[in-house]
Amino acid sequence: KINRSLKVSDIRELLDHMASLKYGTWTDDEKTMFSVSWKSMNEWATMIYKWANDNGQIKKILTLYDIHSGDSTQGTEFHGLDSGLILKILDVLEDEGKCQVFKDGSAVDEYGVKFYET
């Protein structure tokens, strides 16, 4: 056993770097909780957009639930991802002009998503 540790400031610096590479995000303003992913948000975004394009979902409105748990996403790597992570991935696609998220309603799974041709 190696008896080593990092100071909180060093941990935050490491996680800030991971966030800058889009491998995770802080989930609170105080930077006490961090959500990490084994793929970058850009990699996930490319994968989801390719699925939408390949499966005729461009210009259609889906829910977040359709994307992370729907029948048509069975067998994809993003099937079963947390809806909060899906929302962060869709933020990347929104920034690229590839989708729009309609944040209506109280349940995140009911948010609408419309993909656009690029």
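I take helices (H or I, at least four residues) and strands (E, at least two) as DSSP runs, numbered from the N terminus.

Ground rules first. I am working on a predicted model, where local features need pLDDT of at least 70, side-chain atom pairs count only at pLDDT 80 or more, and totals for chains, interfaces and linings use all residues. Residues are numbered from 1 along each chain as its sequence is written, and side-chain values use heavy atoms, with hydrogens and water left out.

Next I listed its buried residues (under 20% relative accessible area; exposed is over 50%, partly exposed in between; 1.4 Å probe, protein chains only). They are Met-41, Trp-44, Ala-45, Ile-48, Tyr-49, Trp-51 and Ala-52. Down the axis of H2 they fall within an arc of 155° (directions from the helix axis to the C-beta atoms), so they line one face of the helix. On the other side of H2 I found Thr-46, Lys-50 and Asp-54 exposed. What covers the buried residues includes E1, E3, H3 (64-69), H4 (83-95) and E5 (112-115).

**Positive phi.** Just after H2, Gly-56 has a positive phi of about 65°. I also noted Lys-59, in the loop between H2 (41-54) and E3 (61-63), with a positive phi near 70° though not a glycine. Lys-59 is exposed, at 56% relative accessible area.

Notes. Contact means heavy atoms within 4.5 Å.
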